[in-house]
Amino acid sequence: MPDVGRAQPPRVREVHGGKSEGVSQGEVLPGAAPLVEGRPSLPRLREAAAGCRRCHLWERGTQTVFGEGRARASVLLVGEQPGNEEDLAGRPFVGPAGRVLDEGLDAAGIDRAQAYVTNAVKHFKWEPRGKRRIHQKPNWTEMTACRPWLEAELAVVKPEIVVALGATAAQTLLGRSFRVTKQRGVVVESELHPRVVATVHPSSILRAPDADARRAALEDFVADLRVVAGLLR
Ligand code: URA
Ligand code: SF4
């Protein structure tokens, strides 16, 4: 008779959705080519993403802003989408939001040079207002179209921990019903990665109504990033 051993209690844990159904890097996407030929690497993914037409946003942005950082980073940070400066520079988080991010990481003791930084959506979505290009929030269709690139980055980098910066990143990783306001600064499991910590987007700190509010928002942001730093030790 087979020894069935002691019955294990079911492991109850909350797993938040987000994974693209049936899509992983190297697989053929319905109606589309595989993301890359052969074994995915960051340079191959970056090159392939440069020609991405998975959603209409490629027409509006200057270029695909792919993630950058260490190939084997222990922490992978996910923003929303490139902003005006990132769109022009072709690099994530190099504008005002990037400076707040750097400030937060620094205060929490996380070295950005040791991290990998990317966005949930890799083209800048904007509308004209006079001569300015005003940021528009990506919608669910655009987030879903772009998610395989993030999945591929996660598969190559294999970070110990993923940080979702703001609602767009959090919902891409953790599903549409995830609320940063309710579940920030705690480790949650995503279908895309076992350890995700969500926090606010650095731009929200810049939008604080006055200096006191800004200081408080930055402190809360740093507190969330310290949770991440604590997990890395
Ligand atoms: N905001 C983001 O979410 N990502 C960037 O790269 C820049 C600003
Ligand atoms: Fe491709 Fe993402 Fe750009 Fe859409 S936003 S075209 S999915 S890289």
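**Entry 1: the β5 and β6 hairpin**

I began with E127, which stands opposite I134 in β6. The two strands concerned, β5 (residues 126-129) and β6 (residues 132-135), run antiparallel and are joined by four bridges. Two residues lie between the strands of this hairpin, and there I noted that G130 takes a positive phi near 60 degrees. I keep in mind throughout that this is a predicted model.

**Entry 2: the chain as a whole**

I then looked up the overall figures, and found that the secondary structure comes to eight helices and nine strands. The chain has 233 residues, of which 40% count as buried. When I took the contacts between residues at least 6 apart in sequence, 72% of them turned out to join residues at least 24 apart.

**Entry 3: the sheet**

I traced an open sheet of seven strands with mixed pairing, and wrote down the order as β1-β8-β9-β7-β3-β4-β2. The edges are held by β1 (15-16) and β2 (68-69), each of which has a single partner strand, so one side of each is left without a neighbour in the sheet. For β2 I checked the partner, strand β4 (residues 115-119), which runs antiparallel to β2 and is joined to it by two bridges. Within that pairing, G69 has Y116 of β4 as its bridge partner.

Helix α8 (residues 211-232) lies across β3, β7 and β9, and runs at about 165 degrees to β9.

S190 counts as buried because it has 23 C-beta neighbours inside 10 Å, where the cut-off is 20 or more. I also noted that L173, 17 residues away from S190 in sequence, is 6.1 Å from it in space, C-alpha to C-alpha.

L173 came up again when I turned to the largest nonpolar core, which has 53 residues; those that touch the most other members are V75, L76, V78, V163, A164, A170 and L173. Helix α4 gives the most to this core, with eight residues.

F93, which is not a glycine, has a positive phi near 50 degrees, and I located it in the loop between α2 (84-89) and α3 (96-108). F93 is buried, because 26 other C-beta atoms lie within 10 Å of its own.

K158 likewise is not a glycine, yet its phi is positive, at about 50 degrees. I found K158 in the loop between α4 and β7, where it is partly exposed, since its count of other C-beta atoms within 10 Å is 13.

**Entry 4: the shell around ligand 1**

I listed 13 residues around ligand 1, and the closest are G79, E80, G83, P92 and A97. Sorted by class, this shell has four nonpolar, seven polar and two charged residues.

Around ligand 2 I found 15 residues, with C52, R54, C55, H123 and C146 as the closest. By class I sorted this shell into nine nonpolar, two polar and four charged residues. Helix α4 (residues 140-157) gives the most to this shell, with four residues.

I finished with A145, which is found in helix α4. A145 is buried, because 21 other C-beta atoms lie within 10 Å of its own. Leaving aside its neighbours within four places in sequence, I found A145 in contact with R54 and C55, two residues that are also among the closest to ligand 2. I noted as well that H56, 89 residues from A145 in sequence, is 9.7 Å from A145 in space, C-alpha to C-alpha.

Definitions and conventions: Residues numbered from 1 in each chain as written. Chains lettered and ligands numbered in written order. Predicted model: local features only at pLDDT ≥ 70, side-chain atom pairs only at ≥ 80, totals over all residues. Near = placed C-beta within 6 Å. Nonpolar A, V, L, I, M, F, W, Y, C, P; charged D, E, K, R; others polar. Buried ≥ 20, exposed ≤ 12 C-beta atoms within 10 Å, placed from the backbone. Contact = placed C-beta atoms within 7 Å. Pairing = 2+ DSSP bridges. Axes fitted to C-alpha atoms, helices over the stretch in contact; angles between N-to-C directions. Core = buried A, V, L, I, M, F, W, Y, C linked by C-beta atoms within 7 Å.
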